[in-house]
Every structure is written in structure tokens, then in C-alpha cells.
Amino acid sequence: GLIFAFAINTSAQIPGMVDSSFNGNGKVIYDFGFHENLTDVKMQPFDQKVVTVGTALTPSFSGKLLAIRLLPNGAFDTTFNDSGIVIIPNFNESYAYETIIKDDGKILIAGTAADPNFIFSTLCMQLNSDGSLDSTFGINGFATPRFFAGDEFANGMALQADGKIVLAGSVLDAGGHNMPSL
């Protein structure tokens, strides 16, 4: 599977056209070897680097949380985990759905993570600006609170002025049906 990102020009050339100054052709394509799914993209306001998150699936369909940072020109940012790519192997499965770039350059990621019994918990994690896990956040960079007995997914996230994190998502009941939650 391939992942791709592309830039659309909004002012310098014809608005709405692909920006060829981004990676030479307006897009970045990278093949991790199986299936990948990017679910969120943000631009760091202080340096215009692009952060995107999602999931890299293994051949056995086990999802591993994926974070990528690109330079403004579309090249992988090698100051981010030495490659521009972070894959989180800490859980049986993990998925990223939302990102916040904090003023200090740290990156908050919300999603879900499976325990050894493949029960999914809400996941909130924080990376340092260099792509390493922020060990001062949660437990070794991760917070996986359990609110309900079913599978939980954090699909949205906001940061309050006082630094508290608000997560929104869904929960599956024992029958596998969605129960909206906050």
C-alpha cells in the first residue's frame, strides 16, 4: 500500500492547482510494504512542517500507529526520529485519528490501542518535537484510560486553555454497536 500527501496551491499560481514546489511534483508517495491509512494532517505554525498520522498495517492486518513529519518542501524531516517516520510498536494494535501541535512543539495524538486480549482503549499520547515519546506524559508517553467495558476510540481532540485535553469518540457495547460518547 502507498501513502501520499499532496499540496494544493492557494495563492502563488492558479488557486486550486497542485503545488509543484512541494516535493517537485506536488505529492509525496511512500510505500511501507502493505496497507497504510492516514487520518489527520496538521501544519506546525512555527515552521510550516507537515505532521500526518494514521496507521501502518502489517501483512497480518495488525495496525501500528504511524506519525510522519515532512519539511515544507515535501521531503521527510530527518530531525523527526532520524527518518521523518515514527511507528509505535507498544500495543497489539494502535490507530491514530487526531493530532494537535502544541506551542512547545510537542505533538499530541489521539486514537485507540488494543491490550493483549484485543480490547481497545482510548489512547492519548505525546511525542517530543524530535519524534521520541514524551516520558513526562501519562505513563512513558501514553495515557490509555478506560471509561466503559467495550472497545473505545478517541476520534477527536481539543486542548483547553488550561492545558487539559478533551477527547471525543465512540464506544462499542457488548453487542458491537456504537454508543456515542465524550
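1. In this predicted model, Phe-153 has a relative accessible area of 18% and is therefore buried, the cut-off being under 20%. Phe-120 is likewise classed as buried, at 12% relative accessibility.

2. The rings of Phe-120 and Phe-153 form a stacked aromatic pair, with 5.8 Å from centre to centre and 25 degrees between the planes. Phe-120 belongs to strand E9 and Phe-153 to strand E11 (residues 152-159), and the pair links these distant parts of the chain, 33 residues apart. Together with Tyr-95, the two residues make up one aromatic cluster.

3. The count of aromatic pairs comes to 3. One of them, Phe-91 with Phe-142, is edge-to-face, at 5.0 Å centre to centre and 85 degrees between the planes. Phe-91 sits in the loop between E6 and E7, whereas Phe-142 is in strand E10 (residues 142-143), so their pairing ties together parts 51 residues apart in sequence. Phe-91 and Phe-142 are both buried.

4. The largest nonpolar core comprises 17 residues, and Ile-109 and Met-125 have the most contacts inside it. At least two residues of this core come from each of strands E4 (50-57), E5 (63-70), E6 (85-88), E7 (93-101), E8 (107-114) and E9 (120-127). Another core, of 8 residues, lies apart from it and includes Val-50, Ala-56, Leu-70 and Ile-85.

5. Which residues is Met-125 in contact with, leaving aside its neighbours within four places in sequence? The contacts of Met-125 are Leu-65, Ile-88, Ile-107, Leu-108, Ile-109, Leu-133, Phe-137, Gly-141 and Phe-142. Phe-142 is also the edge-to-face partner of Phe-91.

Terms used. Residues numbered from 1 in each chain as written. Predicted model: local features only at pLDDT ≥ 70, side-chain atom pairs only at ≥ 80, totals over all residues. Heavy atoms only, no water. Core = buried A, V, L, I, M, F, W, Y, C linked by side-chain atoms within 4.5 Å. Buried < 20%, exposed > 50% of the residue type's maximum accessible area, 1.4 Å probe, protein only. Helix = DSSP H or I, 4+ residues; strand = E, 2+ residues; numbered from the N terminus. Contact = heavy atoms within 4.5 Å. Phe/Tyr/Trp six-rings, centres within 6.5 Å; stacked < 30°, edge-to-face > 60°.
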